[in-house]
Structures are given as structure tokens and as C-alpha cells.
Amino acid sequence: MTDPTPALDHAGQPVIELERDGVHYTLLGTAHVSRASIDAVLAAIDSGRYDAIAVELDEQRHKALTQPDALAQLDLVKVIRERRIAPFAANLALAAYQRRLAEQLDIEPGAELKAAATEAAARGLPLQLIDRDVGITFRRILLGLGWWDRMKLVGGLAGGLFASDEVSADDIERLKEGDMLESSFGEFARDTPSLYATLIDERDQYMAAKLRERGDGARHVLAVVGAGHLKGMARYLADETRPPATLTEQLAHVPKKRRIPWITLVLTTLIVAGIAWGYLHGGRELGRDLLLQWVLWTGGLAGLGALLARGHVLSILAAAISAPLKPFRPGLPPGMFSALVEVHLRKPAYPDFLALRDDAQTLGGWYRNRVCRVVLVFLLSNLGSAAGVWISGAAIARKLIG
């Protein structure tokens with residue numbers, strides 16, 4: 001094993017070369033919005049020095065870049081049932097951000113990664129997708145954030161979906177030196193150390209381990225990665241001693257939430273206890289009044305959320321019915337039921353998937369596109385239900401105190 005040595009090559013793009021376990025690695029740092037990076041990748045592959053190519057992509061993003069119809073194969077019902085709709089919404093935010101960049105700069109973000117993958121296929125070279133699945137990264141990010149930081153993150157992503165202004169020159173320069181996912185999270189990523197660690201450092205470790213894990217017998221590997229990953233990957237590729245398979249498994253693991261949602265649990269318990277106390281000490285009339293407060297606020301606001309998403313009337317009804325039953329089915333949000341009803345009654349058609357990236361950029365597109373609208377029904381039903389819990393709790397407390 002040799003220490004990493006920096007060099008400048010390939011049209012001025014940063015390069016680090018090192019050897020480990022008999023394999024020579026060339027880490028080519030690229031800017032995801034630079035034509036020079038595309039030229040550098042093509043020149044490197046054309047040199048004939050490499051017998052394998054690796055790229056900073058996961059399977060999902062590789063399909064999105066190289067197979068325009070990949071989204072049309074999405075099983076939306078499965079996404080909802082497996083509770084992956086939040087990462088899916090984050091993917092839409094990323095796609096919308098990338099489309100804004102493409103329109104502004106007249107270049108597709110990640111075009112150099114696409115070029116590397118396409119050239120590898122054309123020349124019959126083994127291609128390795130070394131990045132971690134973006135959905136896993138998003139879920140690990142959420143696990144490391146508190147409630148308020150989660151709201152800030154979701155708000156920032158939602159704002160990015162519908163932003164119509166151009167991406168700033170500063171953001172573009174940071175993107176040239178950094179990472180697409182980090183850039184899409186904006187200022188929040190730079191101000192939140194735990195998010196930065198998951199977005200960048202964990203993926204540096206993961207991609208370096210994937211390079212060591214390859215078993216195709218290649219001896220000269222070209223790894224095309226964003227410039228922001230170059231130094232971290234080189235360090236882990238040179239110095240990491242843990243078995244690569246063990247490390248990738250650990251970094252791809254999303255632990256089940258073990259933290260008890262004390263605020264929600266305590267609030268719901270107090271509300272249910274308050275309703276029970278009303279029946280026992282205030283009579284049937286007070287008990288019914290308190291129960292009605294709970295049903296009207298939670299069910300009404302969940303249904304209102306589905307209505308604001310322009311959900312089907314039965315989707316609205318599903319949200320309104322399921323929200324008051326939340327204490328009896330913890331972990332199953334009302335948005336899951338309303339979204340499942342919506343996707344069955346208004347099944348997205350092939351054109352909806354084809355237009356998904358374009359429609360995700362505008363508010364009108366979210367209502368027009370049936371895939372986007374299912375996501376809206378899910379999110380707004382849950383938001384309404386959560387608001388209903390707090391408001392009904394306050395209303396019941398006033399009744400009891402008064």
C-alpha cells in the first residue's frame with residue numbers, strides 16, 4: 001500500500017492516485033456541472049490505462065441518468081406500504097434542483113458520471129456503482145436530527161421544490177467544489193455537523209470500502225467522484241483496516257427508531273385520560289363533548305390536509321377516519337391510508353412518470369401530476385393530523401380546567 005499522492009491531470013481536474021492490495025486507484029475529482037469534467041472523464045477512459053470504472057452513483061441515480069423511462073417502472077403502492085414516501089419526496093426535491101441547474105447552466109448535473117457509465121458500457125469495461133442509496137442516506141440523516149431540525153430540513157427541501165429564482169453564483173461555485181446532495185440541502189447542510197457527517201464523511205467511507213470490495217480482478221481502476229469527496233475517500237482508501245463488506249453493511253444499516261416519541265405519547269395519553277376522566281367525573285355529556293373535540297380536530301384537519309392536496313373524496317374520508325384512531329395504531333400515519341386510497345382511485349399513468357421531474361418544479365405541476373399528488377396527500381394529511389392532536393389537546397384541557 002502506498003500513501004496517496006495528489007496530482008493535476010486530465011484537463012486540470014484534481015486527481016489522487018494510490019495503490020492498495022495490488023490495485024492502482026485513480027480518483028478523479030469532478031464538478032457535477034462542468035463541461036471540463038466531462039472532457040476529463042472521456043480523456044481518462046480514452047487513454048486505455050484502466051480496466052474498470054467506478055462512479056459516484058447508486059443504482060437508482062444511475063437508472064435516472066441512463067434510463068429516462070426508469071421512473072415509469074416505479075411501484076408507488078410498494079413505496080407507500082414500505083413507508084419510503086418521505087425519501088421519495090426528497091428525491092423529487094433533488095430532481096427539481098438538478099433540473100433548475102440544467103436549465104440555468106445548459107448542462108445536465110452529473111453529466112460526467114453519465115459519460116463515465118456510458119463509455120464503460122460501450123468499451124465493455126466493468127462498471128461499479130459505489131455510492132450509497134440516496135434513500136438510505138436520507139433516512140440516516142433524519143435519525144440523527146431532532147424534531148426542530150427535521151422540520152427545518154423538510155421546509156428547506158419543500159422551498160427548493162418550488163423556487164423559481166436562479167441558483168446563485170456562490171451555490172454553483174460550492175457545487176463545483178463539493179457534492180450534489182450537500183448542495184441540494186443548502187445552508188442547512190453547512191450549519192448542521194451531524195447532517196454533514198452523514199452526507200459526506202459516511203459516504204467517503206462507504207465509497208472507499210466499495211472500491212476495496214470489488215472482485216472483478218481489475219488492477220487499474222478509475223473512480224469518478226465529486227471533488228468534495230476526493231481527500232476523504234483517498235484517506236479511507238489508504239488507511240481503513242476494517243473489512244470492506246462489514247463497513248458497507250454497517251453504513252447502509254438504518255436502525256429502527258428506538259427513541260420513544262415522548263411528546264406525542266404523553267400528549268396522546270393525557271388527551272385519552274382527559275376524555276376518560278370527563279366520562280367518569282363529568283358525566284356522559286362532558287365525555288361525549290371531549291371525544292367530539294378529539295374526533296373533529298384530528299379527523300377534520302387530516303381531512304382538510306387531503307382536501308388541500310386535492311385528493312379524491314374517498315382519500316379525504318380515509319384521512320378523516322384514520323386520524324382519530326391514531327392512539328390505537330401507533331406508527332401508522334393517516335397519510336399512509338389516504339395515499340393508498342388516492343393511488344388506487346387515481347392510478348398514475350405512464351405520462352405522469354415521464355413528466356415527473358418537470359412537474360416537480362412547480363406547484364401547479366404537483367397538483368397536475370398524479371404521482372406528485374399522492375405525495376401531497378400523504379404529507380398534508382399527516383401535517384393536518386399532527387396539528388389536530390395539538391389543537392384538540394388544548395381544547396380538551398380548556399374544557400376540563402374551565
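Which helix does A111 lie in? A111 lies in helix α5. The legends below start with the whole chain and return to this residue later. The model is predicted.

**View 1**
The chain has 402 residues, and 49% of them are buried. Now take the contacts between residues at least 6 apart in sequence. Of these, 75% join residues at least 24 apart.

**View 1. Strand β3 is a buried strand.**
Strand β3 covers residues 23-30. How many of its eight residues are buried? Eight of the eight are buried, so β3 is largely enclosed by the rest of the structure. Its residues point two ways. V23, Y25, L27 and G29 point one way. H24, T26, L28 and T30 point the other way. Both sets are buried.

**View 2. Strand β3 pairs with β2 and with β6.**
Strand β2 covers residues 13-20. Its pairing with β3 is antiparallel and runs over six bridges. Within this pair, V15 has L28 of β3 as its bridge partner. The hairpin of β2 and β3 has two residues between the strands. There, D21 takes a positive phi near 55°. Now turn to β6, which covers residues 220-226. Is its pairing with β3 parallel or antiparallel? β3 and β6 pair in the parallel sense, over seven bridges. Look for H24, which stands opposite H220 in β6.

**View 3. Helices α1 and α5 pack at an angle of about 20°.**
Helix α1 spans residues 35-46, and helix α5 spans residues 111-123. Their axes are 8 Å apart. An angle under 35 degrees counts as roughly parallel, so α1 is roughly parallel to α5. The crossing is right-handed. On the α1 side, the contact is made by S37, I38, V41, L42, I45 and D46. On the α5 side, it is made by A111, E112, A115, A116, E119 and R123. By class, this contact has seven nonpolar residues, one polar residue and four charged residues.

A111 and R35 are 76 residues apart in sequence. In space they are 8.3 Å apart, C-alpha to C-alpha.

**View 4. Helices α2 and α5 cross at roughly 85°.**
Helix α2 spans residues 59-66. Its axis and that of α5 come within 10 Å. Angles of 65 to 115 degrees count as roughly perpendicular, so α2 is roughly perpendicular to α5. H62, L65 and T66 of α2 make the contact with L113, K114 and A117 of α5. Sorted by class, the residues of this contact are three nonpolar, two polar and one charged.

**View 5. Q293 lies in helix α14.**
Helix α14 spans residues 262-308. Is Q293 buried or exposed? Q293 is buried, with a relative accessible area of 18%. Leave out residues up to four places away in sequence, and Q293 touches S392, A395, I396 and K399.

How values were computed
Residues are numbered from 1 along each chain as its sequence is written. This is a predicted model: local features need pLDDT of at least 70, side-chain atom pairs count only at pLDDT 80 or more; totals for chains, interfaces and linings use all residues. Side-chain values use heavy atoms; hydrogens and water are left out. Axes are lines fitted to C-alpha atoms, for helices over the stretch in contact, and angles run from 0 to 180 degrees between N-to-C directions. Helices (H or I, at least four residues) and strands (E, at least two) are DSSP runs, numbered from the N terminus. Angles under 35 degrees count as roughly parallel, over 145 as roughly antiparallel, 65 to 115 as roughly perpendicular and the rest as oblique. A crossing is left-handed if the near helix is turned anticlockwise from the far one by less than a right angle, and right-handed if clockwise. Contact means heavy atoms within 4.5 Å. Ala, Val, Leu, Ile, Met, Phe, Trp, Tyr, Cys and Pro count as nonpolar, Asp, Glu, Lys and Arg as charged, and the others, Gly among them, as polar. Buried means under 20% relative accessible area, exposed over 50%, partly exposed in between (1.4 Å probe, protein chains only). Two strands pair if DSSP finds at least two bridges between them.
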